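Okay, thanks for coming, everyone. Let me put the chain up on the screen and then walk you through it.

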Amino acid sequence: MEFDNILKKYMCGKISAELLYNQMRHLFNELLSKYDFCKLEYLKIYPFISELQDEDLYKDHILREKINTIFAILEGRHSFSYDLWMNLKKGELSYINDIWELYKTNGSISFEKSEIMRKKLKNININTIEDMCLDKLLTLLVGLPTSGDDFYMYNSLYVKSIDKNAVHEDIEKMMSILSGQRPIHILLKYVSDDCIYIIV
């Protein structure tokens, strides 16, 4: 990744701190303007590239220590957590809106609609935060009753019955996030050279 390569060039003495700063600013602004931080591969570096926009870090001993810490986190030698709020671009949700409105009217989803969503759920490749949100939303919708007996298809532990209001609130929340009407709260956890993305 370009981010890693730029840092390694500085640590090897191939570029100056000034050039590192300029390249970090350029890369950060490019990723920001293209909305690429919604991609998981770039969101993973967001806490670090964001911090490297601070000119006060660019004193050799401070900068080297900071970069060593970044590599220790990304390589799994240090654990680290970072939380952020993010707004997503407005997504196309018309087919979900239609299903949700029908559910609110009838108290159930048709088996056919449930199967359509199940297939869509199977075909999601999670590469972006939008993919994660859509995956969660479809999972919630697939668990809704397919008949009027109010039977929710969710696993439960230490729960006597599923709180349908809580389910409905979760669905509405994910729909408003995916339509760009409210921000999403995300926790990034760096453990064992991996980044885990948690929707809070």
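So, Ser110 sits in the loop between helix 6 (94-106) and helix 7 (111-122). When I say helix or strand, I'm going by DSSP runs, with helices being H or I over at least four residues, strands being E over at least two, and both numbered from the N terminus. Ser110 counts as partly exposed, because its relative accessibility is 31%. On those labels: buried is under 20% relative accessible area, exposed is over 50%, and partly exposed is in between, with a 1.4 Å probe and protein chains only.

Quick housekeeping before I go on. This is a predicted model, where local features need pLDDT of at least 70 and side-chain atom pairs count only at pLDDT 80 or more, while totals for chains, interfaces and linings use all residues. Residues are numbered from 1 along each chain as its sequence is written, and side-chain values use heavy atoms, leaving out hydrogens and water.

Okay, the overall picture. The protein chain has nine helices and three strands, and reading along the sequence you get α-α-α-α-α-β-α-α-α-α-β-β. Its C-alpha atoms fill a box of roughly 70 × 35 × 25 Å along the principal axes. The radius of gyration is 22 Å, whereas a compact globule of 200 residues would have one near 16 Å. That radius is taken over C-alpha atoms, and the globule rule is 2.2 Å times the number of residues to the power 0.38.

How much of the chain is buried? Of the 200 residues, 38% count as buried. And for contacts, meaning heavy atoms within 4.5 Å, take the ones with a separation of 6 or more: 66% of them are between residues 24 or more positions apart.

Now the inside. Nonpolar side chains tend to be buried together in soluble globular proteins. Here the largest nonpolar core has 64 residues, and Phe3, Leu20, Ile129 and Leu144 are the ones with the most contacts inside it. The largest share of this core, eight residues, comes from helix 8 (residues 129-142). By core I mean a set of buried Ala, Val, Leu, Ile, Met, Phe, Trp, Tyr and Cys residues joined through side-chain atoms within 4.5 Å.

Let's take two of those. Phe3, leaving aside neighbours within four places in sequence, is in contact with a list of residues including Met24, Leu27, Phe48 and Leu74. Then Ile129, which lies in helix 8. Ile129 counts as buried because its relative accessible area is 1%. Not counting residues up to four places away, Ile129 touches Cys38, Leu40, Leu43, Met86, Leu88, Ile184 and Ile186. Ile198 is 69 residues from Ile129 in sequence, and they're 9.8 Å apart in space, C-alpha to C-alpha.

On to helix 9 (residues 164-178), where you'll find Val167. Is Val167 buried or exposed? It's buried, since its relative accessible area is 9%. Its contacts, beyond neighbours within four places, are Leu144, Tyr152, Tyr154 and Ile162. Val167 and Leu140 are 27 residues apart along the chain, with C-alpha atoms separated by 7.4 Å. Ser176 is in helix 9 too. Ser176 is also buried, with a relative accessible area of 13%, and touches Gln181 and Arg182, again not counting residues up to four places away.

Most residues other than glycine have a negative phi. Tyr35 isn't a glycine, but has a positive phi of about 65°. You'll see Tyr35 in the loop between helix 2 (17-33) and helix 3 (40-43), and at 26% relative accessibility Tyr35 counts as partly exposed. Asp193 also has a positive phi, of about 55°, without being a glycine. Asp193 is in the loop between strand 2 (184-191) and strand 3 (194-199). At 49% relative accessibility, Asp193 counts as partly exposed.

That's what I had, so over to you.
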